[in-house]
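I opened the notebook for a quick look at helix packing and pockets. Here is the model I worked from.

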Amino acid sequence: MIKLGVLVSGNGSNLQAIIDAIEAGKLDAQIVTVISNKADAYGLERARDAGIRAVHIDPTIPGTDPAVPSFTYNSAIRDELLSQGAEYVVMAGYMKLLGSEVLEAYPMKVLNLHPALLPSFPGAHGIEDALEHGAKVTGITVHFADEDFDRGPIIAQRAVEVLEGDTPETLAERIHAAEHELYPLTLQWIADDRVTVEGRRVRIQDQ
Ligand code: GRF
């Protein structure tokens with residue numbers, strides 16, 4: 001069983017997929033905390049509904065806690081993760097660059113999900129960018145995060161075909177459906193200790 005800290009900024013449908021996979025017995029994990037930079041992120045509500053600790057950490061008000069003179073936003077995230085015993089950090093629609101405080105505390109233990117086949121279409125609009133570019137195939141990527149957006153070693157990818165009449169909404173629907181399957185599956189590979197990193201190459205051992 002692995003202990004996960006999940007970072008969200010918005011809807012949290014991937015958080016929900018992870019919660020559902022755990023409840024269905026498909027993922028041997030426990031979510032120990034869900035953290036958001038946005039107080040009104042629906043992901044926080046999903047966590048509370050599932051009885052999971054949900055924490056808003058405000059990136060805009062540093063230094064307000066006199067007991068923690070060196071308070072910074074990313075050290076507050078790290079401290080929350082460590083204090084709750086998180087072993088892995090799962091970014092699920094977390095729309096900020098994660099600081100070195102967290103990455104150094106969790107080397108090769110921070111995962112991100114991107115709605116395109118990296119290194120194509122990085123950034124905040126992977127779905128729209130693929131469609132606009134005229135790509136015939138796009139997809140999703142689960143990767144370890146490093147200090148750059150959408151760059152770390154790739155753990156898993158799935159292709160999603162772009163159809164003739166696709167709009168950003170219809171394509172997003174199929175992208176999200178693929179994400180909701182792949183992210184929990186990838187986490188289960190980690191729970192099974194099947195994932196090793198050699199430079200940029202991530203190997204998934206056979207079961
Ligand atoms: C997903 O498409 C993910 O690839 C991207 O942000 C979106 C989050 O969706 N990083 P949700 O908040 O999990 O519904």
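**Ground rules.** I worked on a predicted model, where local features need pLDDT of at least 70, side-chain atom pairs count only at pLDDT 80 or more, and totals for chains, interfaces and linings use all residues. Residues are numbered from 1 along each chain as its sequence is written, and side-chain values use heavy atoms, with hydrogens and water left out.

**Helix pair.** I looked up helix 1 (residues 13-23) and helix 2 (residues 42-49), which pack at an angle of about 20 degrees with axes 9 Å apart. That makes the two helices roughly parallel (angles under 35 degrees). Helices here are DSSP runs of H or I with at least four residues, and strands are E runs of at least two. Axes are lines fitted to C-alpha atoms over the stretch in contact, and angles run from 0 to 180 degrees between N-to-C directions.

I then listed the contacts (heavy atoms within 4.5 Å): Ser 13, Leu 15, Gln 16 and Ile 19 in helix 1 meet Gly 43, Arg 46 and Ala 47 in helix 2. By class, I find three nonpolar, three polar and one charged residues there. Ala, Val, Leu, Ile, Met, Phe, Trp, Tyr, Cys and Pro count as nonpolar, Asp, Glu, Lys and Arg as charged, and the others, Gly among them, as polar.

**Pocket.** Which residues lie nearest the centre of the largest pocket? I noted Gly 93, Tyr 94, Met 95, Leu 113 and Pro 115, out of 35 lining residues. A pocket is an open set of points on a 1 Å grid over the protein atoms alone, where a 1.4 Å probe fits, with protein on both sides within 12 Å along at least five of seven lines; lining residues have an atom within 4 Å of a point. Helix 6 gives the largest share of the lining, four residues.

Definitions and conventions. Parallel < 35°, antiparallel > 145°, perpendicular 65-115°, else oblique.
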